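Thanks for passing this one along. Here are my notes, point by point, to read alongside the coordinates.

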Amino acid sequence: IWGYLPATWRWLYDTEYPTTLVDGTGHVYRPPSPLDPDSWDDSLTGTAREYALIAREFPETVIGTMWDLEVYQHPGLRITEAHGFDNLSFATFVETEEASLRKAGMFEEAYRVDQARRFGWLESNGLLRSYYRALEEAVYRMSVQTREEIDQVHPGLLWGLYAPNIPHSWYYRGMFRGLNREENPGIVHITWDARGKQEVSYWKSALGIDVIHMPAMLMVVPRGDEWESFLRMCLENESGYWLFDATALARPGGEWRSRMELQEPPSVIVEQVRRTNE
């Protein structure tokens, strides 16, 4: 049984942080900078620590946590190469690349580049690759620190990560790399991608990360035999599947239809799932 962490609304909407998410045009969004240490501790490390304490007491019940990586305050729902040009992120890059920037005579100039011009300045100077690498390494270090801290509370607690698709931008690469354990690898990754075998192979060969990918299925979509064919595909080509929102299967009487507008009664779906799994 997975301990599941839904979107933490109090932190998402009620907590004010000194940083913000900024895109390459200088547009400011409400979410904090991806490198904001207080936000990171509130939304990941601190909460994971509480789950780890529960898992330590009930190790056969809570074997891992599931983290929703969608950025609900942001219309794009995810962090991409278009983001990460806030003051904290840019300062991280400048400090990381200080030696090379000084050698190129751009160190002092870098601190004078305003948010709206940073993407263009980096691009025109051939620094975008170095920029994203510096941010990825910063997220990687934060993720390693979190993983090591949680392992001290309860070693081996599994990490489950949800994202709309299999991401490749600097933020997620750094997180996946940092949460991965070389001695006991395996990150459960849930997305809406129907086939992830090629992606899983890439993460392993290029990044050294073992990802256990499970496609999600919106339960309002399938009809009749579509249930069994989709679930069978997931079992044969992936590491399993995720039913969203499976709570509809537990609702009595006719409430299931008003809850999720399922195409068939829960009892019929449960039987199809059971038959497929066998």
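1. A word on terms before the strands: two strands pair if DSSP finds at least two bridges between them. Helices (H or I, at least four residues) and strands (E, at least two) are DSSP runs, numbered from the N terminus. This is a predicted model, in which local features need pLDDT of at least 70 and side-chain atom pairs count only at pLDDT 80 or more, while totals for chains, interfaces and linings use all residues. Residues are numbered from 1 along each chain as its sequence is written, and side-chain values use heavy atoms, with hydrogens and water left out.

2. Let's start with strand E7 (residues 211-218). It runs parallel to strand E8 (residues 242-244), joined by 3 bridges, and Leu 218 has Phe 244 as its bridge partner in E8.

3. Is E7 enclosed or open? It is largely enclosed by the rest of the structure, because 6 of its 8 residues are buried (under 20% relative accessible area; exposed is over 50%, partly exposed in between, with a 1.4 Å probe and protein chains only).

4. Strand E4 (residues 64-68) is mostly covered too, with 5 of its 5 residues buried. In a regular strand the side chains alternate between the two faces of the sheet. For E4, Gly 64, Met 66 and Asp 68 lie on one side and Thr 65 and Trp 67 on the other, and all are buried. E4 runs parallel to strand E5 through 5 bridges, with Met 66 opposite Gly 160.

5. Helix H8 (residues 170-179) deserves a look: 10 of its 10 residues are buried, so it is largely enclosed by the rest of the structure. Arg 173 and Arg 177 are among those buried residues. Their cover includes helix H2 (37-57), helix H7 (128-153), E5 (158-162), E6, H9 and E7, where contact means heavy atoms within 4.5 Å.

6. How do H8 and H9 pack? Their axes are 12 Å apart, at an angle of about 75 degrees; axes are lines fitted to C-alpha atoms, for helices over the stretch in contact, and angles run from 0 to 180 degrees between N-to-C directions. That makes H8 roughly perpendicular to H9 (65 to 115 degrees; under 35 is roughly parallel, over 145 roughly antiparallel, the rest oblique). Tyr 172, Arg 173 and Phe 176 of H8 meet Tyr 202, Trp 203 and Leu 207 of H9.

7. Helix H3 (residues 87-96) and H7 have axes that come within 9 Å and cross at roughly 100 degrees. H3 is therefore roughly perpendicular to H7. The H3 side of the contact includes Phe 90 and Phe 93, and the H7 side includes Tyr 131 and Leu 135.

8. Finally, Ser 33 sits in the loop between strand E3 (28-29) and H2. At 2% relative accessibility, Ser 33 counts as buried. Leaving aside residues up to four places away in sequence, Ser 33 touches Thr 19, Thr 20, Leu 21, Asp 86, Leu 88 and Ser 89.
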